[in-house]
Amino acid sequence: MKCSKFDLLGHGTWQGLSSLDSLKVYPQQEKNGLKAFHLINLIKLAALLVSLFIRSSILLNSDSLEICLYLLLVFYPLLCSSLQIPILPNWLHLTEKDDDLVLRQNSCDRLTCQRNFGISVQHLTHVQALVVECNHPQNADFPRYYSKKEKKPFPIPIVELRRAARERLKNRNNQPRGIPPPKRGLVVERLIPVAYKVLNARITLINNLKKLLKVMPVNACKWCSEIHVGPVGHPFKSCRGPQASIRKGAHEWVEAVVEDMLVPVEAYHLYDRLGKRISHEERFSVPRIPAVVELCIQAGVDLPEYPTKRRRKPVIRIGRKEFIDADESELPDPDPDAPKPEILAEILDSEIVPPSSKEDTALLAEETLKVWEEMREGAKRLMKMYPVRVCGYCPEVHVGPTGHKAQNCGAHKHQQRNGQHGWQAAVLDDLIPPKFVWHVPDVNKPLERELRNFYGQAPAVVELCVQAGAAVPDKYKPTMRLDVGIPTDVREAEMVV
C-alpha cells in the first residue's frame, strides 16, 4: 500500500518531497484585507521565480530552473489560497467526519489525517495543517549486515522471555502445563499436509529456477557469495572475498547456478528427535541433508532414504531428560498401503527445457514466485511447532529441540569455546536465507556506482522473477524503493533534497 507521487520535478528532485509529511492548507479567508496580504507574498514569489529564470537562461544552466520548480511546489499552498483554487488534485477526495479527516486515494485504502489549527498573531490567519500517514512505509531499510565478529541477536530479548515466563507462572493457578506433541514424540496431524506442500514447493522452486537461468542472465562473484541479476554485474566495490584488498573490492563476475540463488543450508538428519544429542565423534557418521527437508521429515514426511522413528503413543517421562517408549503392542499395525501425498522429483540438468517465449517466461516467473512464498510461509508454520536452532556465531542450523555437540564452529574466537556452537532460536531467514541483491530498475541501463543510495534491494529469487515478467509483491516493495526517483546523472543527484 503506497501513495502516488507527483511527477513534477523529474527523477532526482522528488526524493525529498514524496512523503507528504506536512502540507499547509490555507482555507479561504473571510476578510478582504488578508487577500491583499497573500497577493503581496505572491508578487514577491513571482519576482524571485522570474529572477532565477532569467539567471538560468543567461547561464544556460538547467539547475536554476529546477530550483524554480522546487520553490513553486513549496509555496503551492500559498498560491492556491491566493488564487482561491482547491489545493488537492482531482484524484484525491477529502471528506470530514467529526474531528478527523479521511483522505482517500485510488492506490491507498485509507490514509489517516490529523488537523492542527494554529493562529498567527501578526496577521490573524488561521492555519490548518494536514498530516498524511500511510499504514505501510513507502521505503524501508535494507537488512543489516552482521560482521563475523558479531553475535546474532536473539529473536526475542532475554528480558522479554523472563518477563513472559513470570507472567505464565503467575497465571497458571497450579494447573499442569500442556506439553506440545513434538516434545512427547508425536507428530502434529494437521501439519503433515503442510510439510508435504513445503517439500514439493522446494522441489518445484529448484526446477523452475533451473529453467529461468537458461533464459535470464545472472552473475555471481568468483571470490565471494554476492550475485547480481542482470546482463552485466553491478559496479559496486563490495567484495569481501580472498585478496579483496588487492582488487580494491571489485568483483569478478561469472555465470551463476541454482546454488547461488538458493543458499544451501544443511543440518544433521535425526532418526529420533528425542534421542541423544549427536556427539563430536559422530559428526561424520550422521548424514547431512538440507535443513528444510529435515524439518519436513520431522513434521511427518516419509522418505525411504531417510528413515525416522514414528511413535503412535506419547513417551513416558521418568526424569527431566529420561523417558521410555509406551507399549504399542495392543495397537493395530499401520496400513502400509495407505495413500500418501505425492512427492515431486528434481529434474536433471540435462533434461531442463527452457521457456520458448516471453509469455511462457512470465508465467513461469509467476509460478516460481508463488512457490517461493508458499515454501517460506509453510516453513514458518512448521517452525512454530518444531523448534529449529541456529548458532549465534556461524550459519550452522540444527532441526531439533537442542543443538548437537559437534565442535565444528569456526567463527570468531571459536578457540575460547573449544569449537562449540552457541545455540539459540532460529528465525525463518536462518533456515531459508533470502540473499538480497540490487534491484535493477531498467535492464537495458546498467547501475551506476555514484547513484548507489537511490537503488533498492530484493531477494534474489524475487528479483529474478520480477525481471522475467512477474508482478512485484507488495511485501517487497519497501526495500526495492520503487517510489524513489533515480537521477539521470551525478549533478542531478547532488541537487536532491
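E160 and R163 sit 3 residues apart in helix α4 (residues 158–171), so about one helical turn separates them. Their side chains form a salt bridge, with the closest N and O atoms 3.1 Å apart. E160 is partly exposed at 40% relative accessibility. R163 is partly exposed too, with a relative accessible area of 38%. The model described here is predicted.

## Salt bridges

A search of the whole structure finds 17 salt bridges.

E346 is partly exposed at 43% relative accessibility.

K210 and D349 meet in a salt bridge at 3.4 Å, N to O. This pair also links distant parts of the chain, 139 residues apart. K210 is in helix α5, and D349 is in the loop between β12 and α8. K210 is buried, with a relative accessible area of 14%. D349 has 56% relative accessibility, and it counts as exposed because that value is over 50%. Elsewhere, salt bridges that share partners join D272, K309, R311 and D325 into one network.

| Salt bridge | Closest N and O atoms |
|---|---|
| E160 and R163 | 3.1 Å |

## Strand pairing around β13

Strand β13 (residues 388–391) pairs with strand β14 (residues 397–399). The sense is antiparallel, over 3 bridges. R389 stands opposite H398 in β14. A hairpin of 5 residues joins β13 to β14.

β13 also pairs with strand β15 (residues 423–425). This pairing is antiparallel and runs over 3 bridges. V390 has Q424 in β15 as its bridge partner.

## T479 and its surroundings

T479 is placed in helix α11 (residues 477–480). Its relative accessibility is 11%, so T479 counts as buried. The T479 side chain reaches the backbone oxygen of Y476 at 3.2 Å. Which residues does T479 contact, leaving aside its neighbours within four places in sequence? They are A140, D141, F142, F436, G456 and Q457.

Rolling a probe the size of a water molecule over the atoms shows where empty space is left. In this model, the count comes to 2 cavities of 30 Å³ or more. The largest cavity holds about 120 Å³ of space. It is lined by 13 residues. Those closest to its centre are R273, Q298, T308, K309 and R310. One of them, K309, also belongs to the salt-bridge network with D272, R311 and D325.

Key:
Residues are numbered from 1 along each chain as its sequence is written. This is a predicted model: local features need pLDDT of at least 70, side-chain atom pairs count only at pLDDT 80 or more; totals for chains, interfaces and linings use all residues. Side-chain values use heavy atoms; hydrogens and water are left out. A salt bridge is a side-chain nitrogen of Lys or Arg within 4 Å of a carboxyl oxygen of Asp or Glu. Helices (H or I, at least four residues) and strands (E, at least two) are DSSP runs, numbered from the N terminus. Buried means under 20% relative accessible area, exposed over 50%, partly exposed in between (1.4 Å probe, protein chains only). Two strands pair if DSSP finds at least two bridges between them. A polar contact is a pair of N or O atoms within 3.5 Å; within protein, one must be able to donate a hydrogen and the other to accept it, and residues adjacent in sequence count only if both atoms are side-chain atoms. Contact means heavy atoms within 4.5 Å. On a 1 Å grid over the protein atoms alone, a cavity is a set of points where a 1.4 Å probe fits but cannot get out, and a pocket is an open set with protein on both sides within 12 Å along at least five of seven lines; lining residues have an atom within 4 Å of a point. Grid points are joined across faces, edges and corners, and a volume is the space filled by probe spheres set on the points.
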